[in-house]
Amino acid sequence: MTTIKQKNTTSAMNDDTKPLFAKDYNVYINHTDAGGIVYHANHLVFFENCRRDWFTELGLNGYFLQTDSGEVQHFVVSQADLQYKRAILLDEVISVRIDKVELKPASIIFYQSIYRNLPNHSTTETNDSQLLSSTKIVIACVQNLVKPEPMSNDEIGSDKPDTAAAATTPPMRPIRVPKKLRVTIEQAISEQVNGQQ
């Protein structure tokens, strides 16, 4: 297990610790409710986009990986714990961050946060940041076991929902985080640690 220990960026408003990854996102009308406040579920969308953009920067193909034998491996969110601190508003530019990552044998734990950047009126060159929300998200690595088989005419007319679901949903099993992905993330974590020393 690789664990990165650093200052808790979700508990400090002006934390000088550099996040593992950060990206600014614009808040559009489709993210908000009628009052111009970002709908609570869209915090998860911003966190997801940030993780995806980090994977892209690392040269990884998002969440879908294919083995040499053609089997598809991907990730599913198995846990999401969110804390909402302040509203995110329409037309803001927010900073979405990956503060810490923990690698487990078959999952990856992300600690993330969203900040509003406020101009600092002091003589320093830093900005004040206002924490808007934070999260711990666990994504599990799984593999599809088989491709779904087409349903027969008898099954289509059947009143058995379990049969229909089984025919359209491929079973999945948990697997170890692929070596290439693990090595790439460990390298990114190591570079962050070395950059802060």
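Which residue's side chain does Lys23 meet in a salt bridge? I looked this up in a predicted model, and the partner is Asp53, with 3.3 Å from N to O. I noted that this pair links distant parts of the chain, since Lys23 sits in strand 2 (residues 21-26) and Asp53 in helix 1 (residues 41-57), 30 residues apart. I then checked accessibility: Lys23 is partly exposed at 36%, and Asp53 is partly exposed at 22%.

I searched the whole structure for salt bridges and found four. One of them joins the side chains of Glu48 and Arg51 at 2.6 Å, N to O, and both residues lie in helix 1, three residues apart, about one turn of the helix. In an α-helix there are 3.6 residues a turn, so residues three or four places apart point the same way. I recorded Glu48 as partly exposed at 28% relative accessibility, whereas Arg51 is buried at 2%.

I also looked at the salt bridge between the side chains of Lys100 and Glu102, which I logged at 3.7 Å, N to O. Lys100 is partly exposed, with a relative accessible area of 21%, while Glu102 is buried at 10%.

Next I turned to Gln130, which is found in strand 7 (residues 128-144). Its relative accessible area is 18%, so I counted Gln130 as buried, and its side chain makes a polar contact of 2.4 Å with that of Arg116.

Last, I checked helix 4 (residues 179-196): its 18 residues should span 26 Å at 1.5 Å a residue, and the end C-alpha atoms are 26 Å apart, which agrees. Its buried residues include Leu181, Ile185 and Ile189.

Key. Residues are numbered from 1 along each chain as its sequence is written. This is a predicted model: local features need pLDDT of at least 70, side-chain atom pairs count only at pLDDT 80 or more; totals for chains, interfaces and linings use all residues. Side-chain values use heavy atoms; hydrogens and water are left out. Helices (H or I, at least four residues) and strands (E, at least two) are DSSP runs, numbered from the N terminus. Buried means under 20% relative accessible area, exposed over 50%, partly exposed in between (1.4 Å probe, protein chains only). A polar contact is a pair of N or O atoms within 3.5 Å; within protein, one must be able to donate a hydrogen and the other to accept it, and residues adjacent in sequence count only if both atoms are side-chain atoms. The expected span of a helix is 1.5 Å times one less than its number of residues.
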